[in-house]
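Biologist: I would like to learn how to read helices and strands. Where do we start?

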Amino acid sequence: MSSPTGPASGLPVRMPRPRQPGRHRRPEPLAAPEGAPALVLAVPGTPSAATRSLAEEVVSIARSELPGLDARIGYLDGDDEFPTLQSVLTHAAEERTARFEQARAAGVDVAEPDGPVAVVVPLLAGPDNALLRRVRQAVMESRVAADLTDVLGPHPLLAEALHVRLSEAGLARADRARLFTVATAADGIILASVGGEEAVQAAGITGMLLAARLAVPVMAAALDVEGAIAATAEQLRGSGSQQLALAPYLIGPELDAGLLDAAAKEAGCAAAEALGPYPAIGKLALAKYTTALGIAPQQPQGTPTH
């Protein structure tokens with residue numbers, strides 16, 4: 001069972017990469033500053049074992065990139081098994097107060113802690129105002145000093161992740177530089193988002209990056225707007241695309257069960273998997289955290305293509 005402080009015991013945890021020898025070694029990663037606020041991943045959707053596994057993989061990636069990071073998981077729809085975002089923030093504040101009181105009781109001259117207790121990072125690729133309002137409400141109700149970051153996208157790493165998910169489904173070439181074809185490769189991509197028009201516009205920015213990678217047209221459409229996916233499919237076919245694919249611009253927990261399959265059926269095309277715990281998700285969550293605190297570890301890089 002997970003707790004507000006991290007994954008349950010017995011689960012695999014990513015460890016920091018060993019330092020490479022030689023003059024071309026990568027720069028040493030920064031460590032989290034002593035007493036730094038917790039990174040709290042705000043997870044939308046109905047909690048489940050799969051959601052927990054995904055979220056724990058994301059924070060594990062973040063910890064491996066910034067040793068000493070205090071990373072926690074809070075669920076918008078938590079319960080006794082899945083800690084709510086509000087309870088995780090409250091617990092983090094109580095722990096910080098307890099550490100201060102213990103230090104003072106031991107005769108250590110320490111300043112009373114100030115600044116945010118936590119930095120809350122929504123586990124969302126694009127803006128979903130309804131979900132973001134709920135995150136803000138949970139932070140306010142916790143009465144804990146916490147900074148709330150923006151969502152993870154748009155970002156080139158998300159275009160890379162979309163490319164990988166499409167290639168895993170046999171809907172795109174795995175390597176954009178080699179001149180071989182995939183019989184099932186799509187010649188038009190529908191980038192599916194949730195969150196209304198603002199989310200579609202944000203997805204469209206990443207869609208342009210994906211189009212440049214695949215050299216095929218990419219159009220964003222809202223999964224949660226009736227008929228939007230089918231209309232976009234018709235538009236792509238009208239411009240010459242014959243074999244379409246649906247690529248979810250979604251991490252996964254925010255996606256209602258069955259919505260993606262229904263949209264793919266409506267559009268008459270195959271669909272890739274959601275982004276899930278792709279390494280870029282953990283790196284981008286960490287980048288939001290470090291930016292909020294004004295510390296700058298090495299910027300997240302994509303996987304090189306050959």
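Modeller: Start with terms. Helices (H or I, at least four residues) and strands (E, at least two) are DSSP runs, numbered from the N terminus. Axes are lines fitted to C-alpha atoms, for helices over the stretch in contact, and angles run from 0 to 180 degrees between N-to-C directions. This is a predicted model: local features need pLDDT of at least 70, side-chain atom pairs count only at 80 or more, and totals for chains, interfaces and linings use all residues. Residues are numbered from 1 along each chain as its sequence is written, and side-chain values use heavy atoms, without hydrogens and water.

Biologist: At what angle do the axes of α2 and α3 cross?

Modeller: Helix α2 (residues 85-105) and helix α3 (residues 129-142) cross at roughly 40°, with their axes coming within 9 Å. Angles under 35 degrees count as roughly parallel, over 145 as roughly antiparallel, 65 to 115 as roughly perpendicular and the rest as oblique. So α2 is oblique to α3.

Biologist: Which residues of α2 and α3 make the contact?

Modeller: Contact means heavy atoms within 4.5 Å. From α2 come Leu85, Gln86, Leu89 and Thr90; from α3 come Val135, Ala138, Val139, Glu141 and Ser142.

Biologist: Now the sheet. In what order do the strands lie?

Modeller: Strands of a sheet pair through backbone hydrogen bonds, either parallel or antiparallel. Two strands pair if DSSP finds at least two bridges between them. Here 4 strands form an open sheet, ordered β2-β1-β3-β4, with parallel pairing. At the edges are β2 (71-75) and β4 (146-148), each pairing on one side only.

Biologist: How many bridges join β1 to β2?

Modeller: There are 5 bridges between β1 (residues 38-43) and β2. Leu39 stands opposite Ala71 in β2.
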